[in-house]
Amino acid sequence: MAITFASSSVMFSSPSPKPSFGSLTKTTPFLGFSISVANPKPSCSRQSFRVNCQEKALVVPLDQRWMFEESEVNGPDIWNKTWYPKAADHINTEKTWYVVDATDKILGRLASTIANHIRGKNLATYTPSVDMGAFVIVKKNPKRFVVLESEKVNAEKVAVSGKKRTQKLYRRHSGRPGGMKVETFDQLQQRIPERIIEHAVRGMLPKGRLGRALFNHLKVYKGPDHPHEAQKPIDLPIRDKRIQMQR
């Protein structure tokens with residue numbers, strides 16, 4: 001049985017070079033003929049993009065010029081709007097010193113107030129990663145309540161609530177097996193009273209090299225005297241009315 005097939009030829013045209021943007025025909029290799037297609041993309045030319053600033057330059061007010069450099073006095077930098085403190089904004093010799101009397105003050109409330117001023121959280125320029133705070137001194141003075149860059153006076157008279165004098169424990173380790181030392185709040189206050197306040201404030205500061213640098217701003221002394229009169233410390237503003245122990 002012979003089956004006759006009609007011979008059919010399929011013509012495959014070689015792909016032509018890419019047409020230019022202005023061409024209106026498109027060759028289809030699988031069909032063998034050209035299809036007229038309108039080019040939807042008009043010819044485009046390069047465009048220059050630029051940011052047009054205000055013709056009239058802005059002038060920074062006098063009370064805000066400390067936030068900008070000399071090159072930005074005639075107007076703020078439109079690219080960098082976030083202010084970040086520079087080295088000239090946190091010089092240690094220009095920082096404020098406070099002094100506070102720790103007599104009959106609650107340990108935790110006093111430590112949190114001191115830590116806030118050491119970190120500079122009371123300032124509008126507070127930056128978490130920069131040392132912007134002040135120094136604090138702790139001492140005993142019945143007529144003055146001052147906090148220096150971080151100095152505490154009368155550390156031996158700090159107060160705690162409840163039964164913490166006998167129940168609060170302080171641990172230290174010598175690094176050798178069985179070298180754990182444990183003592184109560186009352187025992188440590190009689191031995192090294194300054195360490196109680198230092199321990200409380202250190203736990204409220206950042207952990208790392210910034211926290212270690214901030215901890216140097218704390219000056220704790222036993223008794224009413226301290227060697228920082230040349231820094232002219234001022235009274236530490238204490239807003240917490242519950243910080244004073246009621247006798």
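This is a predicted model: local features need pLDDT of at least 70, side-chain atom pairs count only at pLDDT 80 or more; totals for chains, interfaces and linings use all residues.

Biologist: How many salt bridges does the structure hold?

Modeller: The structure holds 5. A salt bridge here is a side-chain nitrogen of Lys or Arg within 4 Å of a carboxyl oxygen of Asp or Glu.

Biologist: What does Asp 240 form with Arg 109?

Modeller: A salt bridge, with the closest N and O atoms 3.0 Å apart. Asp 240 lies in the segment after strand 9 (234–235) and Arg 109 in helix 1 (residues 107–119), so the pair ties together parts 131 residues apart in sequence. Helices (H or I, at least four residues) and strands (E, at least two) are DSSP runs, numbered from the N terminus.

Biologist: And Arg 242, which side chain does it meet?

Modeller: Arg 242 meets Asp 240 in a salt bridge (3.8 Å, N to O). Shared partners join Arg 109, Asp 240 and Arg 242 into one network.

Biologist: New topic. How do strand 6 and strand 7 run?

Modeller: Antiparallel, joined by 5 bridges. Two strands pair if DSSP finds at least two bridges between them. Arg 171 stands opposite Val 182 in strand 7.

Biologist: Which residue forms a salt bridge with Glu 183?

Modeller: Arg 172, at 3.1 Å between the closest N and O atoms. Glu 183 lies in strand 7 and Arg 172 in strand 6, so the pair ties together parts 11 residues apart in sequence.

Definitions and conventions
Residues are numbered from 1 along each chain as its sequence is written. Side-chain values use heavy atoms; hydrogens and water are left out.
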